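Please take some time with the sequence and the structure shown below before reading on. The notes that follow begin with the overall layout and then turn to particular elements and residues.

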Amino acid sequence: MTTLSMPLANGIPLLGLGTYPLTGDDCTRTIRMAIDLGIRHIDTAQMYGNEKDVGRALRESGLARDALFVVTKVDPGNVSASRFASVSYTHLRAHETPEH
């Protein structure tokens with residue numbers, strides 16, 4: 001099987017796999033296939049209801065956690081507004097693309 005090498009932008013792989021609306025074994029199999037093909041950017045969210053399935057696929061892949069870029073969106077109802085805003089802003093600023 002051919003493995004792709006994905007270009008990065010500020011450490012983030014440019015091509016990622018969106019996991020909505022996948023759940024259960026379909027989710028796990030799809031992510032494992034993407035990882036086998038070289039995808040290292042996985043997108044999920046609490047509202048998708050598949051974070052456990054995503055976690056299972058990542059564990060089963062055997063890759064080190066720092067070899068993967070995982071994005072998840074937190075349901076704002078699960079975090080106070082002030083804490084949610086500051087954490088999100090700080091993390092996004094760390095990956096901001098500078099103006100050219």
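Read along the sequence, the protein chain follows the pattern β-β-β-α-β-α-β-α, which amounts to three helices and five strands. The model is a predicted one, and every value below should be read with that in mind. Of the 100 residues of the protein chain, 28% count as buried. Among the contacts between residues at least 6 apart in sequence, 75% join residues at least 24 apart.

**The sheet**

- Three strands form an open sheet in the order β3-β4-β5, and their pairing is parallel.
- The edge strands of this sheet are β3 (17–18) and β5 (69–73), each of which pairs on one side only.
- Strands β3 and β4 run parallel and are joined by two bridges, and in this part of the sheet G18 stands opposite D43 in β4.
- Strand β4 (residues 41–45) also pairs with β5, again in the parallel sense, over five bridges, and the bridge partner of T44 in β5 is T72.

- How many of the five residues of β4 are buried? Five of the five are buried, so β4 is largely enclosed by the rest of the structure.
- Helix α2 lies across β4 and β5, and α2 runs at about 155° to β4.

**The packing of helices α1 and α2**

- In general, two packed helices are described by the angle between their axes and the distance between the axes.
- Here, the axes of helix α1 (residues 24–36) and helix α2 (residues 51–61) come within 8 Å of each other and cross at roughly 40°.
- With a crossing angle of roughly 40°, α1 and α2 are therefore oblique to each other, and α1 passes α2 in a right-handed crossing.
- On the side of α1, the contact is made by G24, D25, C27, T28, I31, R32 and I35, and on the side of α2 by D53, V54, R56, A57, L58, E60 and S61.

**Helix α2 and its buried residues**

- Which residues of α2 are buried? They are D53, V54, G55, A57, L58 and S61, and what covers them includes α1, β4 and β5.
- An α-helix has 3.6 residues a turn, so residues three or four places apart point the same way.
- Just after α2, G62 takes a positive phi of about 80°.

**A closer look at V54**

- The residue V54 lies in helix α2, and V54 has a relative accessible area of 2%, which means that this residue is buried.
- Leaving aside residues up to four places away in sequence, V54 touches T19, C27, I31, I42 and T44.
- Although V54 and T19 are 35 residues apart along the chain, their C-alpha atoms are separated by 8.2 Å.

Technical notes
Residues are numbered from 1 along each chain as its sequence is written. This is a predicted model: local features need pLDDT of at least 70, side-chain atom pairs count only at pLDDT 80 or more; totals for chains, interfaces and linings use all residues. Side-chain values use heavy atoms; hydrogens and water are left out. Axes are lines fitted to C-alpha atoms, for helices over the stretch in contact, and angles run from 0 to 180 degrees between N-to-C directions. Helices (H or I, at least four residues) and strands (E, at least two) are DSSP runs, numbered from the N terminus. Angles under 35 degrees count as roughly parallel, over 145 as roughly antiparallel, 65 to 115 as roughly perpendicular and the rest as oblique. A crossing is left-handed if the near helix is turned anticlockwise from the far one by less than a right angle, and right-handed if clockwise. Contact means heavy atoms within 4.5 Å. Two strands pair if DSSP finds at least two bridges between them. Buried means under 20% relative accessible area, exposed over 50%, partly exposed in between (1.4 Å probe, protein chains only).
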